[in-house]
Amino acid sequence: MQARDLNSIVLKNVNSKNYTKIKAVYALNSRARMKRILLVFISALMIQSACQEADSADLNMVFVEGGLFVMGTDSLTLDSLVDHYGFPKAYLASEFPPHEIALSSFFFGKTEVTNAEFRKFLLENPEWQKGRLPDSLHNGNYLRHWNNNVYPDGEDDLPVVNVTWHSAVAYCQCQNKRLPTEAEWEFVARNQGDMKKYPWGNAEPDSTKANFHGGIGRPLPVKSFPPNELGIFDLAGNVWEFTLDEWSQDYYKNSPPADPVNGHKNYSDDDLLRVKTRRVIRGGSWGGSPVNLRTRFRDSHPPNGAGDHVGFRCVKEVTS
Ligand SMILES: [Ca+2]
């Protein structure tokens, strides 16, 4: 981009507060230093502008009133689930013990983030484009089916997959949002904490309720199935969803009683890129078993593990 174009962007974004900063920059005697500082300032304005534009996508979010609920599963229920699904109890043991927590209100994404939405983010934040991530931040499958910044024809509304946890966090934070905490995800999947087994109720999954193992064998466009009672789509199946939380088998034994998250809610760039530990994923996928679709089921995934069965959605905090 030519310097003249950058100047026009500065003028377009100037408000009274920014004008003071620009005036201060011009007061510097060193021309070279002035140019360097101005470019940094311009870059910051450009990033801020791109992210604030993306913030208007809040029409795709549902307000969820917080409250108390009992997260997790008791031992007797775990025994019955073992009988029902035929998995060893160890497979479900991380859901124990049930524990009461309080959640603040928040906004929750109606859908998994789509290819079209993620492409817009990439164009505005080129450091996350395919081919630009350091090898340490992906497993070789980052945006595997994309041709540079272009996803396959006709896949605008498919959930973005083959993304990393780091890129998912960056996408959400760019819009002043964040990934859901594990607790928020379960609260929403259970229609604000009810006892239903799946987001739609207790009936076992079938081809009318969710995209899971035995279906068509790939992700489907978001909103292909009815939403839950809160108006939120594809919580069970289609693609697994990254949450903020670091995976811990025993986290429920020490979970704090209010707004729990195993880790941070927001990350600086440096802190984000240092995350190496597995993250909690929720909801099952197009390749997952019915047990994975349960509202309480927990699983984990490496943060750099771009895969064709894992995507994400965002949460926005309520500010006063
Ligand atoms: Ca899902």
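Visitor: How much of the chain is buried?
Guide: Buried residues come to 38% of the chain's 320 residues. Keep in mind that this is a predicted model.

Visitor: OK, and how many helices and strands are there?
Guide: The chain has eight helices and nine strands.

Visitor: Which residues of α6 are buried?
Guide: Trp 165, His 166, Ser 167, Ala 168, Val 169, Tyr 171, Cys 172 and Cys 174. That's eight of the ten residues in the helix, which spans 165-174, so α6 is largely enclosed by the rest of the structure.

Visitor: What comes after α6?
Guide: Asn 176 follows α6, and its phi is positive, near 60°.

Visitor: Switching topic: how many residues are in the largest nonpolar core?
Guide: That core has 52 residues. Ala 168, Tyr 171, Leu 179, Val 188 and Phe 242 have the most contacts inside it.

Visitor: Which elements supply at least two residues of this core?
Guide: Several helices and strands do, including β3 (99-103), α5 (115-124), α7 (182-189) and β5 (240-246). α6 gives the largest share, six residues.

Visitor: Back to Ala 168, then. What is Ala 168 in contact with, leaving aside neighbours within four places in sequence?
Guide: Val 163, Leu 179, Phe 242 and Phe 312.

Visitor: And across the chain, what share of the contacts between residues at least 6 apart join residues at least 24 apart?
Guide: For those contacts, the share is 79%.

Conventions:
Residues are numbered from 1 along each chain as its sequence is written. This is a predicted model: local features need pLDDT of at least 70, side-chain atom pairs count only at pLDDT 80 or more; totals for chains, interfaces and linings use all residues. A residue is buried if 20 or more other C-beta atoms lie within 10 Å of its own, exposed if 12 or fewer, and partly exposed in between; C-beta atoms are placed from the backbone. Helices (H or I, at least four residues) and strands (E, at least two) are DSSP runs, numbered from the N terminus. A nonpolar core is a set of buried Ala, Val, Leu, Ile, Met, Phe, Trp, Tyr and Cys residues joined through C-beta atoms within 7 Å. Two residues are in contact if their C-beta atoms, placed from the backbone, lie within 7 Å.
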